[in-house]
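Hello,

Here is the structure I promised to hand over. Please look through it first; my notes follow below.

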Amino acid sequence: MTDQQPARRALLGGAGTGELASVTASEHGASLVLAISGELDISNIDRVAEVIHALPNTDAGLLIDLSEVSYLDSSAVSLLHDLAMRLRKRAQQLIVVSPPQSPPRRILELTALYLNAPVADELDSGISLLSSGGSAPP
Amino acid sequence: MADYLDRAGTVLLVDDNRENLAALQAVLEPLGEPLILAESGEQALRALLHTECSVILLDVRMATMDGLQTARIIRSRPATRHIPIIFMTAQSSELDEITQAYESGAVDYVVKPFEPEILRAKVGVFVELHRERVERVRESRARAEAEAVARAVRTLQILSDAAMTHLDTDELATALVDRSAELFGADAAALLLRDEKVPGLSVRARAGELRLEIEGERVRVGEDLLGGIAATLGGAILQARNLDDEDRAQAGLDDNLRSLLVVPLISAGELLGLLLLAAQPEDHFEQRDLELLTLAADRMALAVDHAQRYADGRLLVETLQRSLLPERLPLHPRMHVAARYMPAGVAPQVGGDWYDAVELDEQRTAVMIGDVVGHGIRAAITMSELRNALRAFAVEGHGPEEALRQLDRVVLATRGPGMVATVLFVVIDAEAGTVALARAGHPPPALRAVDGSVRFLETKRTLPLGVDPDEVPSQEIYPIKPGETLLLFTDGLVERRGEPITDSFDRLLDALGEAPAEVEALCEHVLLKTATEQGRDDDVAVLAVQLIDVTAGALDLRLPATAQSVTVARHRLRAWLHENAPELDPVARGDLEVAWSEACSNVVRHAYGPAEASFDANASRDGDVLRLTVRDTGQWRTPGGRSGGRGLPLMEVLSDELTIDRQPDSTTVTMVRQLRPEVAGTEGSGAAILRT
């Protein structure tokens, strides 16, 4: 039955569900990649947080791909900071992917997420950061 | 305890002179509070044993036990320590006596003969204070209860989240048994599930420091202790000391594991498994644990059922179906678009319902909805082909009539006769205020006016696609005004077995008429109100388009203080900026969206008081100056909670000027942004905000 499992599991949202954001999970080697799309704000951040916190936490690291996120604000920033610190305590790593020049990236920079988690420009560089054991980019 | 809370106002009057007591009674009766009269310190102390008082009026000089002594005893008892005491002293009292009175715990004193008005006012103040205190106690109890409920809910959430994130039955079983053991402090745990190869339930996953040895790794329903419990479809708490050797061995209890919690997993009345939690101490599990785990077991059972169905490939079809629908609907500056899809409740097959929305330009959006007759993978593939073809015709700029004519040709050419599909194609033009539509065998859309009145936009009845190449769908054009909402739906929404279709259409109109104005909530409401009680035979899709009222000028919103309102406010601001400040670059527009959302979020986070609390959000433009204000009728609180204290600094950095006007009964946050490019975006954009 394992081979029927899709590469990406839908954890939240999806077409026709009316969710402001969707979350899907996939495995990349020893790490978990969560792809979020849509908008993140006070109305849905708790649900997104629940989904993330409920994930099995045995992996070496977690990558959160925000490439398809069109909006986020302090509620999402706080979730990411908290998550980074929580993972660090368990010697796990959080990498965030957000394209340069995008509105979410601007908010992540203004709120100094890089102090807690490396922010990569795109998914591939994020994954190589994860597998390299992840020193923050300069 | 409830008793004393209810008798919140009782006033205790203590004087060994009956005439004085009667006088006090006459003075204080107008307060409308219960009065208790005591003629001695002893009587007063006895009364306090069973009545909680709000205030005590105590005569200092009494024959046996005097007032000072009585007060000291009252003060020495935890149950009465907090009750304010007003001493009554004679005119001739010396300063010394008054000092002693205060030392023994008086909060006030009155001199006899007293002024009725003053005495009444003083007592009234203490009664009121007491009420407030009781209210606070009530609140803190309610809070404690709420916290207990929240903890239980949290436990359920952890378990059901674990349930929902695994599709593989083994992974799921391991996750469920791990988390249950952790949450309920079990030393050993096992989950038994139905197994197709062997009868009964077999151990599928284990957790805990110790190992729970179920005899034979299996439970036969109806046999032995555990099988007997499973057969009842109810849970149980077992103690090793109450079991005989045979039962103890079967349940895996021994000298080490002394207590056991057993809960069955039941889905749709069917036993799917058994969850066993064991602990070393006797009486480790309480009735509450059984109740909570039983609740959680319902969710676990659903997940197990889900995983097993997934393994059968049944869930694959739903996943496939959703993957054929658009993941995101366009965020058009002039229209709000929302949609919902619900798979059939009973038939585990792909339905043929689909919808799509394409932004044609800044004024127009094409929306389409359709239904392919039949189920299964074949219907899904057809549906996907139709959707892609129609999307292409829409993007090419064909109007509804032409698009459907082309589509009909595609259907006839590629699918051949016998394949039946209905479709409705609509182009909404915000600038012209028109809805152009054509339909092939599909129900017409419904339009809701701003005043809530609803009607169907009928066109000539036409055959489904692929039936007759000579039949041409005709196009009609209807007017649509800002604030009006168009609802497209598939016939799963209006078809109910054994009911005339006209009744169902009326029900849909009723549901649409009374639905909330906001499109997401509107879709939910319509689905909820038209859903049948016992699951659906057919899948259902609905899609709503609302024309945003973007007449030039200020944006004035009044919204309920809920988290959803923040999203609504942001989407409205986005549309308003698009219309009223088109020269803003995307970064600046994004900045304003965040600043505005932060201000709204702060209102919502701290909304308290009446449930229907609301706030006002306004945007206006004066020359090159944009002004955003968010006003609520509460005290300003510095942003905290989920914003982690980052909300306010973000508002500061993202606007050129931020002012917070705190009034006793309202707070107004005003953010100003200059539109001139040499000013916009320069301030603070290089600095990072660190946590405050």
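Chain B has 692 residues, and 42% of them count as buried (20 or more other C-beta atoms within 10 Å of a residue's own, with C-beta atoms placed from the backbone). This is a predicted model: local features need pLDDT of at least 70, side-chain atom pairs count only at pLDDT 80 or more, and totals for chains, interfaces and linings use all residues. Residues are numbered from 1 along each chain as its sequence is written, while chains are lettered from A and ligands numbered from 1 in the order in which they are written.

One helix pair in chain B is worth a look. H3(B) spans residues 41-50 and H4(B) residues 67-76; they pack at about 20°, axes 10 Å apart (lines fitted to C-alpha atoms over the stretch in contact, angles from 0 to 180 degrees between N-to-C directions). They are therefore roughly parallel (under 35 degrees). B:Gly41, B:Ala44, B:Leu45 and B:Leu48 of H3(B) meet B:Gln69, B:Thr70, B:Ile73 and B:Ile74 of H4(B) (C-beta atoms, placed from the backbone, within 7 Å).

Now confidence in chain A. Strand S1 (residues 9-12) of chain A is lowest, at a mean of 77. Strand S6 (residues 119-120) of chain A is highest, at 95. pLDDT stays under 50 over residues 1-6 of chain A, and also over residues 134-138 of chain A.

Best wishes

Terms used: Helices (H or I, at least four residues) and strands (E, at least two) are DSSP runs, numbered from the N terminus. Angles under 35 degrees count as roughly parallel, over 145 as roughly antiparallel, 65 to 115 as roughly perpendicular and the rest as oblique. Two residues are in contact if their C-beta atoms, placed from the backbone, lie within 7 Å. pLDDT is the predictor's confidence in each residue, from 0 to 100. A residue is buried if 20 or more other C-beta atoms lie within 10 Å of its own, exposed if 12 or fewer, and partly exposed in between; C-beta atoms are placed from the backbone.
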